[in-house]
Amino acid sequence: AYIHEHYSMNVTLTDVHNALQANLSFVQCTATRLPFDNDAFDAALLSFVLHHADDPQQVMQEALRVSRHVLVLESVAYHPLQRRLLGWTDAAVNAVRSGGTMAPPHPETYRSLDGWMSWMQAQGGQVVRKELIPGRLHPWAVLVVRPAQRASASTDTSLG
């Protein structure tokens, strides 16, 4: 709602459950098969989604297919023990937050910042902007990713 109200942008939300608490357009679907045309959106947001997905590769590839930019916020972990602790904490917090309906995390998918960047390339994306945020409990990555075939045509890192 904030983006819609403050920037006058059209926003379409998608999820497998309709937990919408704002007056915004909503499409119920799975993230591995989005019901939108190629390049339907200027930007897509994946906010701490990939480590919960059973098929994160397909989720990322679909986001790259339907948008010109994908803004990814993801948890960062550097050590196997850190991945386990983060997975346990994430599962506990999300169980309370969602009433037990949210998919559990896959701790093996937590990566370092460089690991996330390499993974994005393997999915057909090119990271055009990156930032590491310290976070309260753990660091997280902010990545702006474009489909590689379109990213090579421009070096502009703005979302406009």
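Helices (H or I, at least four residues) and strands (E, at least two) are DSSP runs, numbered from the N terminus. The model here is predicted, so local features need pLDDT of at least 70 and side-chain atom pairs count only at pLDDT 80 or more, while totals for chains, interfaces and linings use all residues. Residues are numbered from 1 along each chain as its sequence is written, and side-chain values use heavy atoms, with hydrogens and water left out.

**Exercise 1.** Find the element that holds Ala-141 and work out what surrounds this residue.

*Solution.* Start with the element: Ala-141 sits in strand 6. Next, check the accessibility. Buried means under 20% relative accessible area, exposed over 50%, and partly exposed in between (1.4 Å probe, protein chains only). Ala-141 comes out at 0%, so it is buried. Now list the contacts (heavy atoms within 4.5 Å). Leaving out residues up to four places away in sequence, Ala-141 touches Val-72, Leu-73, Glu-74, Val-76, Leu-113, Trp-116 and Glu-131.

**Exercise 2.** Describe how strand 5 and strand 6 go together.

*Solution.* Two strands pair if DSSP finds at least two bridges between them. Strand 5 (residues 125–133) and strand 6 (residues 140–147) have eight, in the antiparallel sense. Then look at the connection: the two strands make a hairpin with six residues between them, and Gly-135 in the turn has a positive phi of about 70°.

**Exercise 3.** Track down the salt bridges and say where their residues sit.

*Solution.* The rule asks for a side-chain nitrogen of Lys or Arg within 4 Å of a carboxyl oxygen of Asp or Glu. That gives two salt bridges. One joins Asp-42 to Arg-68, with the closest N and O atoms 2.5 Å apart. This pair ties together distant parts of the chain, 26 residues apart: Asp-42 is in strand 3 (residues 41–47) and Arg-68 in strand 4 (residues 67–75). Asp-42 is partly exposed at 47%, and Arg-68 is partly exposed at 32%.

Then there's Glu-62 with Arg-65, where the closest N and O atoms are 2.8 Å apart. Both belong to helix 2 (residues 56–66), three residues apart, or about one turn of the helix. Glu-62 is buried at 8%, whereas Arg-65 is partly exposed at 25%.
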